Amino acid sequence: MAQRETWTSRVGFIFAAVGSAVGLGNIWSFPFQTASNGGAAFLVVYLLAVFLIGFPTMLIEFVIGRRSKQNAVSAFSELGYGNWTFAGAIGVVASFITLSFYSVVGGWVISYIVGSVTGGYLGQAGTFFGSVSSGTVAIGAHAVFMAITIAIVAGGVADGIERATKFMIPAILVLLVGLAAWASTLSGSAAGYAYYLSPDFGVIANNFTSIVPSAMGQAFFTLSLGFGVMIAYASYLGRDDSLPADSAIIVVLNTVVALLAGFAVFPILAATSGVGGASGGAGTAFVALAGAFGQLPAGQIIGLVFFIVLLFAALSSSISLLEAPSSYVVDRYGVDRPKVAVGVGVVSFVIGIAPAYGYVGLFNDFVFNILLPVAVLFIALFAGWVANRESVDELGRGTTLGEGATTLWLWWVRVVIPIVVAYTLYLGVTNFYSGIVTGAYF
Ligand code: PFF
């Protein structure tokens, strides 16, 4: 059997993991979740979710991946606990379903790039969204987005993913900083900063049962946790890197990108349609932003830059969504990587035809509210209670962490994460169910 590829450098691994984490979730979903959940109140809960739950959960995935040197499905049997394979399988299913609607939204971004060049959405943001978001245009753009994703993954770990993300991440940071700086010059921007940054704790108290699952789902989604993706990525990692250090870099960079996106979006909203009115959801994001670009001086160029950033971010994430199911098939059946990438991508494209006809919200909430918390709950129980010796040993490798720190992590994974995530799951299921029965998705 051919030797397993590894990252050509530690930096390559970090770039790829950040590339997976930074995506539509940061630049589009985060600002609009924040806008529709009370602004700074949501931000507070979201940051707690990222650092107190997301960060230690990322360590769980890294530990499992590096220890087993396998994809998320094979990892459990490789470690000697074959009957936990289902935990990894849930993540692979989540990746696969997410890819199908992620590619649809990626396709919208492509349509908005075209619209920025032709001026197609200027002065008619709502109509434009209607014409590109579902039906044949959406399916065509979805096909283009998926084809690009397949081409990158088919190139292999070091060649395709690493090269692509090394280029994308710095580009995203530079473009967002520019956009945020420009947005700060708009008159009326102050109200945007106030809404974004001054928390009203009454809002948290009154909307606790909706803010908590949204913030947790957003935290897992944005950090690519619960998908098995970070398991697969860490499986290519050398033994002596510090997992906590790598994880901290990834979490912080991902958070910086989301916060920067907020620093661009909120002043723009405040200067145009006003903050707090956005209801969240797929359409609102594109309609509000394109509407803002349509009203601003040089808005067409700003819009073009913004949507190119979004495309880069989306692609560096979608390649990891395709990588997760593909690496499973490659490892398990020894089939050629390019063939597998094409096969998995095409099937995911076909499933994506449903969201391309208007069901993005349904797919999104199913993943956010149910699949991700379920997957995280099981891997936490696994690492905390089943493979706890291996987990603690692997966490300590390549670090100077003392026993106190690894023990704290272990008990956090054993007790705090399962309780918090189980509660989130309960709220998420309740909200999803009421969305179905009230017809909110249809
Ligand atoms: N983290 C990505 C985002 O915020 O857009 C979404 C994602 C990408 C999740 C890749 C999972 C994944 F494997």
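How many cavities of 30 Å³ or more does the count come to? The count comes to 3. A cavity here is a set of points on a 1 Å grid over the protein atoms alone where a 1.4 Å probe fits but cannot get out.

Before we look around, note that this is a predicted model, in which local features need pLDDT of at least 70 and side-chain atom pairs count only at pLDDT 80 or more, while totals for chains, interfaces and linings use all residues. Residues are numbered from 1 along each chain as its sequence is written, and side-chain values use heavy atoms, leaving out hydrogens and water.

The largest cavity holds about 120 Å³ of space, a volume being the space filled by probe spheres set on the points. Its lining has 16 residues, and Ser20, Tyr102, Phe221, Ser224 and Ser317 lie nearest the centre. Lining residues have an atom within 4 Å of a point. Helices α1, α2, α5, α11 and α15 each supply at least two residues of this lining; helices are DSSP runs (H or I, at least four residues) numbered from the N terminus.

| Pair | Angle | Axis distance |
|---|---|---|
| α2 and α11 | about 175° | 11 Å |
| α5 and α15 | roughly 160° | within 8 Å |

Axes are lines fitted to C-alpha atoms, for helices over the stretch in contact, and angles run from 0 to 180 degrees between N-to-C directions. α5 and α15 are therefore roughly antiparallel to each other, a label for angles over 145 degrees.

Notes
On a 1 Å grid over the protein atoms alone, a cavity is a set of points where a 1.4 Å probe fits but cannot get out, and a pocket is an open set with protein on both sides within 12 Å along at least five of seven lines; lining residues have an atom within 4 Å of a point. Angles under 35 degrees count as roughly parallel, over 145 as roughly antiparallel, 65 to 115 as roughly perpendicular and the rest as oblique.
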